[in-house]
Amino acid sequence: MPIEILMPALSPTMEEGNVSKWLKNEGDKIVAGDVLAEIETDKATMEVEAVDEGTLAKIVVPAGTEGVKVNAVIAVLAVDGEDIDKAGEGVGEEPPEAEKAAPAPAAAKSEAAAPVAAAPRTEIAADPDIPAGTEMVSTTVREALRDAMAEEMRRDEDVFVMGEEVAEYQGAYKITQGLLQEFGDRRVVDTPITEHGFAGVGVGAAMAGLKPIVEFMTFNFAMQAIDQIINSAAKTLYMSGGQMGAPIVFRGPNGAAARVAAQHSQCYAAWYSHIPGLKVVMPYTAADAKGLLKAAIRDPNPVIFLENEILYGHSFDVPKLDDFVLPIGKARIHKPGKDVSIVSFGIGMTYAVKAEAELRGMGIDAEIIDLRTIRPLDFDTIIASVKKTNRLVVVEEGFPQNSVGDHIANQVSQRAFDFLDAPVITIAGKDVPMPYAANLEKLALPNVGEVVEAVKAVTYR
Amino acid sequence: MATAARKAPAKSRSDSKSSGLSAPKPADFTKDEELAAYRHMLLIRRFEEKAGQLYGMGFIGGFCHLYIGQEAVVTGMKMALVDGDQMITAYRDHGHMLAMELSPRGVMAELTGRRGGLSRGKGGSMHMFSKEKHFYGGHGIVGAQVSLGTGLAFANRYRGNNNVSLTYFGDGAANQGQVYESFNMASLWKLPVIYIIENNRYAMGTSVSRSSAETDFSHRGASFKIPGIQVDGMDVRAVKSAGDLATEWCRAGNGPLILEMQTYRYRGHSMSDPAKYRSKEEVQKMRSEHDPIEQVKARLLDKKWATEDELKTVDKEVRDIVADAAEFAQNDAEPDPSELWTDIVL
């Protein structure tokens, strides 16, 4: 059978091209790799190489022809002693419709005909019941995080922690205190100051089946590593058709601490929550920090675990249970109420909690929802609350544009518009890089007064 | 055409003062090894030619980077591996997959974006994986696979399994920062990783001399005490002996090693590259004088280990495998629309 040489697509966007020049003549012997012709595409002039061996029997489309469609026959190759005159016969005349072009993928044929199915819903279990009589132990967030890691490392030999100063220094913020002594330097690994590199090493180890906890001294430094977090950790499960993912936790302090200025004071909740393939957790209480970090370490997906330096020293009651694990993706009603819903997360909760106390004095019964997880976001809890209170204020420390609060306001307006008695108010950090001066820094962050005023506005007080 | 006893373009050198390593002599292949190398390299060559053809016909979209010319690098290295050793590379990856025995049908159907593809049509040319075959991708971000491959080696050391991570990257990626971050950790922690720099002389359209202050890539580990060897990457026997040396080095607990494979890609960087940055004569000279497949063929004929007819039979068998893969890849169904929402999180 003679071989038809087709007008090739030579770029992802090419639909037709011009045959500029033939470099072989009819009757020439051709071996694979020989340049046959030059084709002008939408991007450049390209050479067309022969894939097969034989004799150029017929040039169907002469040099200088413009607008030749991709997959049109441009020449015919006779193979293995075929008669070159016969090989060229009948080619070049209009071929039957069916043979004209190879079946292209659906997307090339028509615009998407059917509406795209919605994302399937995933049900997330409620928090486990805490048995009556369980002892509650006052614990700092710092201790809770350390306990969570230690418990999971005892439970699973594949869990290890790596990062800057996590071992001998005992943690830049003392979160890994004592881990080196208990688990040794094989499982508590001091890294050089090389975030991009060690994030990638962690993801590679996770792909090989280990369960790394990668500590960033702060998430500001994870900007150096964000390609590995997003392009390698978050996307591989999808790109591999489910064969291989990265069971890894990236954790460390996030957001503003105190007086460390613009490069060290940024909240990444909105950034990471933008990415399919990641889970994003941002706890406020010590109990949530412990239960959710344990869940994050067990989770088979990459989890971004955003802590806060100021909260490290705060104490909360933590149930004394052998294995206290909380569900990722479930918000917690921190305080029930009926007049207004205040949604927050992480250190944002400190403003919400203080505002609620003031509001109570004014006779306003606010419901406070602690999101705990930013992705997947628990809209069910938010919307159920809005349906009850008809008013919503969201509080966070991050920048205002495309903030977590913006996304919540958008979704609530789409899903519960008729239940709203006032516009949703979002309170965020100011739209400025974090200043150093104490007074300016205070102005840049949200404050309790703003939350109180917002609640008064949505309750028309 | 190529002659069997060709001088390596690379100068053998002992450039690691600390290790005293130098490029070993090309391996003495048995008849079976020569025939196996011939068949494996030919499969990659024919597969890639077919992929180029299917791209031209519109069956393959997006980016498609062909491995034609570099076949000896993955083929020789694979011959030095034991079960459990891992491989990871960038986006010029079809040859690596075939060398790791991923199914030609699965690879080709992924290129055409069909449900029978290795990533069920969701990865494409640059993103394929096989945990079973220890192939860890297929990565589209230049240099990212170097840190990931170092992480595979970290897992090997953590588990004490004596396996080695083969981490491939190009002369272009060799200038990325995370490569050196990885070198530092690999050397510090004595990780069993072989950094295989496939120097095909052009980072897309920028020649090595225009992009790299130090063009001897075997020296790139010097600051990290990682020894390196330059290898004639067009000679599968030279690659195999370097692979043997490197895997033994790693398994003995010496830490990482760099192999600079001096190789050449015949085709453009991707399908839409007109390759105006090099002369036709340069390409033709490599093809006619250094072709990795022709070298093996010439040796097989020279030693009378195979006749022209027997090699034609091999060629036919390889063409049949590729034709079957292409047939499957063109006719397999596209992914079910429900696949849009699967495999995002577990």
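What follows is a walk from the whole complex down to single residues.

**Before you click**

This is a predicted model, so local features are only taken at a pLDDT of at least 70 and side-chain atom pairs only at pLDDT 80 or more, while totals for chains, interfaces and linings use all residues. Residues count from 1 along each chain as its sequence is written, and chains are lettered from A, with ligands numbered from 1, in the order in which they are written.

The predictor gives the complex an ipTM of 0.93 and a pTM of 0.91.

**Stop 1: chain A as a whole**

Select chain A. Its secondary structure comes to 15 helices and 22 strands; these are DSSP runs (helices: H or I, at least four residues; strands: E, at least two), numbered from the N terminus.

How much of chain A is buried? Of its 461 residues, 50% count as buried. Buried means that 20 or more other C-beta atoms lie within 10 Å of a residue's own; exposed means 12 or fewer, and partly exposed is in between, with C-beta atoms placed from the backbone.

**Stop 2**

Most residues other than glycine have a negative phi, and most peptide bonds are trans. Here are some spots that go the other way.

- Select A:Arg375 and A:Pro376: a cis peptide bond joins them, with omega about 0 degrees. A:Pro376 sits in the loop between strand 20 (373-375) and helix 12 (379-389) of chain A.
- Go to A:Lys174, in the loop between strand 10 (159-163) and helix 5 (179-183) of chain A. Its phi is positive, about 65 degrees, although A:Lys174 is not a glycine. A:Lys174 counts as partly exposed because it has 15 C-beta neighbours inside 10 Å.
- A:Asn402 counts as exposed, because it has 12 C-beta neighbours inside 10 Å.

**Stop 3: chain B**

Now switch to chain B, which has 11 helices and 7 strands. Its radius of gyration is 19 Å, close to the 20 Å that the globule rule gives for 346 residues, so chain B is as compact as a globular protein of that length. The C-alpha atoms fill a box of roughly 55 × 55 × 40 Å along the principal axes, and 60% of the 346 residues count as buried.

Colour by pLDDT (the predictor's confidence in each residue, from 0 to 100). Chain B averages 93, with 95% of the residues scoring at least 70. Residues 1-17 of chain B are below 50. Where pLDDT is low, the predicted coordinates should not be read in detail.

Next, select residues 40-337 of chain B: UniProt, in an unreviewed entry, lists them as "domain: Dehydrogenase E1 component". UniProt positions follow the numbering used here, feature names are shortened, and annotations may be inferred rather than shown by experiment. This range is 45% helix and 10% strand, and its end C-alpha atoms are 36 Å apart.

**Stop 4: an enclosed helix**

Is helix 4 (residues 104-111) of chain B enclosed or open? Helix 4 of chain B is largely enclosed by the rest of the structure, because 8 of its 8 residues are buried. Among them are B:Arg105 and B:Glu110. The buried residues pack against helix 1, helix 3 (94-99) and helix 11 (308-331) of chain B. After helix 4 comes B:Gly113, with a positive phi near 70 degrees.

**Stop 5: where the chains meet**

Show both chains. The contact takes 52 residues from chain B and 58 residues from chain A; two residues are in contact if their C-beta atoms, placed from the backbone, lie within 7 Å. On the chain B side, helix 5 of chain B gives the largest share, 10 residues.

**Last stop: A:Val393**

Finish by zooming in on A:Val393. Beyond residues up to four places away in sequence, A:Val393 touches several residues, including A:Val340, A:Ile342, A:Ile425 and A:Val451.

Note on methods. Rg over C-alpha atoms; globule rule 2.2 N^0.38 Å.
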